[in-house]
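User: I would like to go through the labels used for this model and what stands behind each one. Please keep the answers brisk.

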Amino acid sequence: MLEFDLDKIDLTKEPAIEEPQRQWYYIAKCREAVKAKSEEYQRPLTYCITTFGCQMNSRDSEKIAGILRQIGYVEVETEDADFVIYNTCTVRENANNRVFGRLGYAGKLKQKHPGMIIALCGCMMQEATAVEKIKSSYRFVDIIFGTHNIFKLAELLMTRLDSKRMVIDLWKDTQMIVENLPNERKYHFKAGVNIMFGCNNFCSYCIVPYVRGRERSRNPEDILEEIRGLAKDGVVEIMLLGQNVNSYGKNLEQPMTFASLLQEIERIEGIERIRFMTSHPKDLSDELIDVMKKSTKVCKHMHLPIQSGSTRLLGIMNRHYTKESYLELVDKIRSAVPDISLTTDIIVGFPGETEEDFEETLDVIRRVGYDSAFTYLYSKRTGTPAATMDGQVADAVANERFDRLLKEVQKNATRSAGREEHTVQKVLVEEVSEQNAEVLTGRLSNNILVHFHGPHELIGKIVEVYLDESKGFYYMGSLIQDNA
Ligand code: SAH
Ligand code: SF4
Ligand code: F3S
């Protein structure tokens with residue numbers, strides 16, 4: 001990856017117009033300001049990022065951290081910091097409420113910490129009503145930006161330092177993908193890689209297309225170069241990120257399928273495991289199933305959100321598949337990759353959901369036997385078609401169905417658990433167990449956790465572990481000693 005030498009940037013000149021050069025100029029400029037403050041305070045300046053929502057947001061937070069680190073801020077865990085950032089989510093109402101709660105807390109901290117800068121970014125900022133609320137009731141916020149202009153953080157910070165006013169920069173949408181900006185990764189052995197941004201599907205309940213803009217695929221060469229760089233740095237597992245990875249490449253100048261991108265990535269030496277998220281059932285191709293069948297690196301796990309088992313509701317949700325076609329797809333995947341782990345997302349209480357519709361969802365859970373499922377109570381998002389649909393389901397009914405759903409998911413997950421008991425499996429060692437410092441925690445290819453005794457040096461390595469006992473959602477295992 002292209003890196004810029006901050007010391008060589010001439011700050012007496014005007015900033016460049018083109019990106020990313022312009023941002024490297026502002027990073028260098030902010031760095032001077034931060035250095036001066038840090039000399040004045042006789043301590044390093046600190047930052048704290050709190051991330052809400054999905055892996056897209058986590059990845060964005062790494063980019064933000066990369067910029068702040070170049071500027072000279074040092075990361076701390078708590079919000080008692082010089083620069084506090086909330087990277088927000090708005091997919092469900094409770095995500096918004098959590099942000100406002102935390103923001104109130106940060107406001108109190110700021111009263112005791114005058115130089116503190118508070119920034120808000122992410123999906124919630126793309127909604128006018130949320131921003132209005134902040135402008136009127138949370139005047140202490142310094143910087144607001146959105147999902148399309150994260151790369152501009154240094155420039156926005158400079159504007160804030162120069163002006164002392166609330167700086168708001170929000171873009172409705174963008175065609176832009178800025179490459180070669182700083183980057184800070186949370187793990188040294190695994191990494192998320194964006195392959196596309198935005199979403200074009202407009203599922204009728206979902207706010208994401210409104211706050212993340214239209215679908216844009218990154219150029220395959222940029223993706224491959226990033227992954228080659230990661231492999232060189234010792235990364236062994238990558239997670240390809242997109243709202244609908246199965247439609248990757250459709251809008252590129254030279255269209256390319258997701259399956260062929262996977263094949264290209266597979267050739268990169270050093271990368272041992274490839275994961276991806278999320279896979280929309282409507283665009284999942286036979287070509288992809290075939291690549292997964294033959295691949296030695298693509299993990300045996302697929303997250304395949306169903307949302308509802310009722311074909312009638314799936315139509316109203318604008319999902320473009322039926323209960324039957326989904327189940328056929330599952331059969332096809334399972335016959336190609338027999339030991340694959342399937343997980344899903346389910347919404348209960350979508351407008352108009354009847355007891356019969358809900359029974360169809362339970363039926364799918366019984367038939368598929370997911371290893372796990374994220375279950376959500378439908379949340380009304382203003383501006384989406386579903387928000388004004390007739391037949392909004394009463395809370396009591398939705399809650400009662402939610403409990404039944406959870407029980408059904410758990411019952412079926414237990415049924416499918418333990419498939420690998422008494423076998424030797426490859427495990428990527430991720431961390432020291434929270435409960436016991438002598439125990440390591442790692443993941444199988446199918447994403448299931450394993451705990452076993454071993455030395456800390458194994459973190460980041462792929463080792464062989466014998467799975468002694470299934471505990472339902474995880475295994476207890478023993479390290480095969482040749483690894484150590
Ligand atoms: N692009 C992914 C999903 C991203 S959002 C996909 O299509 O599979 C993650 C999950 O949040 C969705 O799968 C859905 O189950 C849930 N979700 C989205 N909007 C919601 C809403 N309004 N209420 C409840 N759950 C919602
Ligand atoms: Fe939302 Fe549907 Fe896009 Fe997923 S595919 S982000 S659920 S609109
Ligand atoms: Fe993700 Fe939430 Fe945005 S789920 S895309 S962070 S609205």
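Analyst: Take the second largest cavity, which holds about 30 Å³ of space. Its lining is Met-292, Val-298, Cys-299, Lys-300 and Val-337. The model is predicted: local features need pLDDT of at least 70 and side-chain atom pairs pLDDT 80 or more, while totals for chains, interfaces and linings use all residues. Residues are numbered from 1 along each chain as written, chains are lettered from A and ligands numbered from 1 in written order, and side-chain values use heavy atoms, without hydrogens and water.

User: What makes a space a cavity, and what makes a residue part of its lining?

Analyst: On a 1 Å grid over the protein atoms alone, a cavity is a set of points where a 1.4 Å probe fits but cannot get out; a pocket is an open set with protein on both sides within 12 Å along at least five of seven lines; lining residues have an atom within 4 Å of a point. Points are joined across faces, edges and corners, and the volume is the space filled by probe spheres set on them. By this rule there are two cavities of 30 Å³ or more.

User: How is the lining of the second largest cavity divided by class?

Analyst: Four residues are nonpolar, none is polar and one is charged. Ala, Val, Leu, Ile, Met, Phe, Trp, Tyr, Cys and Pro count as nonpolar, Asp, Glu, Lys and Arg as charged, and the others, Gly among them, as polar.

User: What volume does the largest cavity have, and which residues are closest to its centre?

Analyst: The volume is about 490 Å³. Of 26 lining residues, Lys-63, Ile-177, Val-178, Asn-194 and Phe-197 are closest to the centre. By class, the lining has 10 nonpolar, eight polar and eight charged residues. Helix H2 (residues 55-71) gives the largest share, four residues. Helices (H or I, at least four residues) and strands (E, at least two) are DSSP runs, numbered from the N terminus.

User: Which residues lie nearest the centre of the second largest pocket?

Analyst: Gln-126, Glu-127, Ala-128, Thr-129 and Ala-130, out of 22 lining residues. This pocket has a volume of about 510 Å³. Its lining divides into nine nonpolar, seven polar and six charged residues.

User: Why is Gly-115 called partly exposed?

Analyst: Buried means under 20% relative accessible area, exposed over 50%, and partly exposed in between (1.4 Å probe, protein chains only). Gly-115 has 46%, so it is partly exposed. Gly-115 sits in the loop between helix H3 (93-112) and strand S4 (117-122).

User: What makes S2 and S6 edge strands?

Analyst: Two strands pair if DSSP finds at least two bridges between them. The open sheet of six strands runs S2-S1-S3-S4-S5-S6, with parallel pairing. Strand S2 (74-75) and strand S6 (167-169) each have a single partner strand, so one side of each lacks a neighbour in the sheet. Strand S5 (residues 143-145) and S6 are joined by three bridges. Ile-144 has Ile-168 in S6 as its bridge partner.

User: In what order do the strands of the barrel close?

Analyst: The order is S15-S16-S17-S19-S18, five strands with mixed pairing. Strand S15 (residues 424-432) and strand S18 (residues 462-470) pair in the antiparallel sense over five bridges. Leu-428 has Ile-462 in S18 as its bridge partner.
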